[in-house]
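Hi,

Here is the structure I said I'd pass on.

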Amino acid sequence: MDALDLARWQFGITTVYHFLFVPLTIGLAFVVAGLQTAWVRTGNERWLRLTRFYGELFLINFALGVVTGIVQEFQFGMNWSDYSRYVGDIFGAPLAIEGLLAFFLESTFLGLWIFGWGRLPRRVHLATIWLTAIGTMLSAYFILVANSWMQDPVGYTYNAAAGRAQLTDFLAVLTSPVAIVTFLHTIFAAFLTAGAFVAGVALWRLARGAGEDESVFRTAARVGAVTVLVAAVLVVVSGDQQGKQMTAMQPMKMAAAEALYNTSQPAGLSLFTVGTLDGSRELFSIRVPDILSFLATGSFDGKVEGINQLQAQYAATYGPGDYRPIIPVSYWSFRLMIGTGGLAAIAALWMLWALRRGLRPNRWVVAAGMVLPLLPLAANSFGWILTEMGRQPWIVFGLMQTSSGVSPSTAPWEVLVTLVGFTVLYGALAVVEVGLLVRRIRAGLPAPAETGEESERPIAFAY
Amino acid sequence: MALTDIWFGLIAVLWVGYLVLDGFDFGVGILLPVLGRSEGERRLMLRTIGPVWDGNEVWVLVAGGATFAAFPAWYASLFSGFYLALFLVLVGLILRGVAIEYRNKRPEPTWRTRWDRAVFVGSLLPAILWGVAFANIVAGVPLDAHHDYTGTLLTLLNPFGLLGGLTTLGLFVTHGATFLALKTEGDIRTRANRLAGQTGLVTAVLAVAFLAWTQVQRGDAASLAVSVLAAVAFVGALVANRLGREGWSFIGTAATIALAVVALFAALYPDVLPSTTNAAYSLTTTNAASTDYTLSIMTVVAVVFTPIVLIYQGWTYWVFRKRLSMQLVGDEEPAAHGA
């Protein structure tokens with residue numbers, strides 16, 4: 001493997017790994033803020049106990065999101081220096097603003113929240129977790145603005161003398177339709193992730209016999225399941241918009257995601273397609289007529305461009321070359337994203353129904369409790385794999401190819417060292433984090449006395 | 001004043017903020033096995049930085065992001081060039097962050113001992129390597145015509161770079177000790193105070209040698225003046241420490257680090273990364289910069305939001321201003337629920 005492949009693997013591994021924690025952090029921050037608000041408003045201790053219980057799980061998860069985020073901030077320069085030189089005038093601004101507006105907010109106020117129990121007035125303390133949550137959301141917005149510019153570059157001009165893209169309209173970058181819809185889709189997915197986590201944990205506790213805390217966990221399971229269902233509807237709506245934009249801006253990505261080799265009008269939605277190994281035509285396919293046209297264009301007889309025609313068109317525009325992403329990766333990541341996300345919604349629906357009927361713990365409940373939190377994590381990862389792998393060979397669509405962005409000065413062995421180093425470190429940390437989460441979930445809700453406000457003793461909870 | 005100069009100054013401010021604030025976090029982490037003689041003392045030490053270390057660390061993320069936005073070519077050459085050194089810094093920061101957050105999540109002594117080691121190593125690596133990095137930035141590194149680094153990790157570990165690393169190590173340890181003396185009560189406060197005096201003397205020698213060598217290499221009148229001020233501040237810090245005036249002593253070590261960073265940036269200007277291969281290949285505030293349009297947007301954002309950040313971060317320090325005593329962490333066994 002050369003430095004390019006190694007750098008791409010490194011970006012893929014570190015980013016997918018980072019994004020296991022991020023949606024849970026965003027979603028749980030709001031859930032915990034909501035639980036604490038319920039406590040402050042009602043004074044009902046069950047909300048306080050849930051706040052502390054899920055708050056602690058939130059903190060365990062937050063730590064890994066933070067430390068893996070540091071790598072994200074630096075690896076553009078480390079592994080993608082020519083990319084950084086080319087786009088820095090545009091891409092750097094949202095990154096810097098993310099740090100200044102979002103990272104400071106979330107980290108500072110989270111510190112106040114952890115250590116502020118019993119020290120800050122109740123409402124001020126409540127405000128700190130809301131500010132943390134807002135910080136996580138701002139962070140998502142700015143980083144997605146940066147990513148969306150790579151999908152659909154707007155508000156720039158190419159300066160041939162300087163050999164780089166230059167910003168001409170920052171507002172256009174901030175309000176690019178791709179950025180807005182990607183942000184919404186991601187935030188809703190984060191709520192879905194957190195809802196599934198809250199529900200899955202509660203379900204697991206219920207199945208293991210929560211004893212006198214049973215009613216509290218039933219409440220938590222309901223809160224989680226409703227969050228999943230509401231979020232799922234919003235994920236579908238925003239995802240549908242995103243699909244239409246993708247078809248308009250990056251038709252090749254949609255064609256690859258659907259393994260649609262030839263332009264069709266109307267186009268059918270593929271249920272199962274097998275193509276040739278060289279990715280040039282389809283061998284076998286089951287398709288539902290007209291549905292892809294509707295998803296991609298909003299009309300049942302809309303024209304959807306195919307891989308072969310787009311390839312010819314791009315070769316004419318950008319010069320000879322292969323402009324197709326790896327089609328099976330796009331095709332399957334698209335299906336797995338929808339499949340795992342959809343399964344989470346179905347599981348949540350089943351759960352609400354079962355809770356209503358008085359849910360008796362059995363091995364299915366345990367299994368559902370274990371699997372439910374994992375489904376959205378998988379869906380989030382597949383979504384990003386589709387987004388990023390489907391854009392290839394471009395690093396900035398239509399402007400710069402990925403192969404031109406890699407650092408010329410780093411030797412392959414150096415990239416290999418950091419790739420292996422980060423992967424081993426991240427793997428070990430994953431084991432530690434899962435162990436801690438399971439341990440804390442097993443310990444159950446904190447005893448009512450432990451959550452007493454007067455206890456200066458900071459935090460049975462954190463330190 | 002050109003926008004590029006303003007941004008050179010702002011980047012310096014961000015690094016000052018980072019190294020002053022995370023500097024004492026590093027110091028506390030390195031001193032953990034030295035001053036923390038019992039489990040309770042180690043917990044107390046980590047409690048002093050507990051509410052603030054994460055916010056302190058964000059300064060480096062903003063410094064990195066702002067460099068990307070304002071001087072993309074600097075960001076690109078520096079981070080791809082100092083590749084393995086930066087990797088080690090990142091590994092250190094990851095270890096330290098996870099260790100601080102996770103060490104108290106389980107009661108077993110072996111669990112805690114392991115994370116305490118991670119805090120130590122994760123603080124030591126960046127404390128040395130930031131000094132190595134800044135020394136090399138100021139002295140210059142081999143850059144080709146494309147501004148790409150042509151050296152290796154060993155190129156950075158030259159005598160001047162290593163002296164820089166030892167200087168930041170000494171400064172952060174002393175800074176961390178004055179912070180601990182300021183934030184604790186009782187026996188540990190006394191020992192932190194004494195230790196600050198001892199490491200301070202060694203650090204004074206290292207820092208004077210490093211700043212003098214910097215001055216010989218590429219200093220001007222401004223960097224000389226600031227270097228002298230840094231030395232004066234450090235002497236003040238040590239005197240205050242001896243007199244038991246811990247607040248002044250901490251202000252002194254903070255001012256020393258701040259002034260030393262300013263001196264380095266003053267010596268560096270108008271380059272941002274000099275090339276030792278050929279002066280024409282050097283990156284400067286002008287050839288590494290973004291467009292004036294981007295810089296003016298970023299200036300507005302920085303002018304509006306930096307004061308807000310300073311206010312709420314300052315408020316955090318105010319909320320947690322009390323000295324911590326051993327009573328707080330107690331010698332009780334960690335509660336079953338995690339403590």
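Predicted model: local features only at pLDDT ≥ 70, side-chain atom pairs only at ≥ 80, totals over all residues.

Let's start with a helix pair in chain A: α1(A) passes α13(A) in a right-handed crossing. (Right-handed here means the near helix is turned clockwise from the far one by less than a right angle, left-handed that the turn is anticlockwise; helices are DSSP runs of H or I with at least four residues, numbered from the N terminus.) α1 covers residues 3-42 and α13 residues 374-389, and their axes come within 10 Å and cross at roughly 145 degrees. The axes are lines fitted to C-alpha atoms over the stretch in contact, with angles from 0 to 180 degrees between N-to-C directions. On the α1(A) side the contact is made by A:Arg8, A:Val16, A:Phe19, A:Leu20 and A:Pro23, and on the α13(A) side by A:Leu377, A:Asn380, A:Ser381, A:Trp384, A:Ile385 and A:Met389; contact means heavy atoms within 4.5 Å. Sorted by class, that is eight nonpolar, two polar and one charged residues. (Nonpolar is Ala, Val, Leu, Ile, Met, Phe, Trp, Tyr, Cys and Pro, charged is Asp, Glu, Lys and Arg, and polar is the others, Gly among them.)

Residues are numbered from 1 along each chain as its sequence is written, chains are lettered from A and ligands numbered from 1 in the order written, and side-chain values use heavy atoms, without hydrogens or water.

In chain B, α6 (residues 109-139) and α8 (residues 159-183) pack at about 135 degrees with their axes 7 Å apart. The class count is nine nonpolar, six polar and no charged residues.

B:Asn56 counts as buried, at 1% relative accessibility (buried is under 20% relative accessible area, exposed over 50%, partly exposed in between, with a 1.4 Å probe and protein chains only). Its side chain makes a polar contact of 2.8 Å with that of B:Tyr317, meaning N or O atoms within 3.5 Å, one able to donate a hydrogen and the other to accept it, where sequence-adjacent residues count only if both atoms are side-chain atoms.

Cheers

Methods: Helix = DSSP H or I, 4+ residues; strand = E, 2+ residues; numbered from the N terminus.
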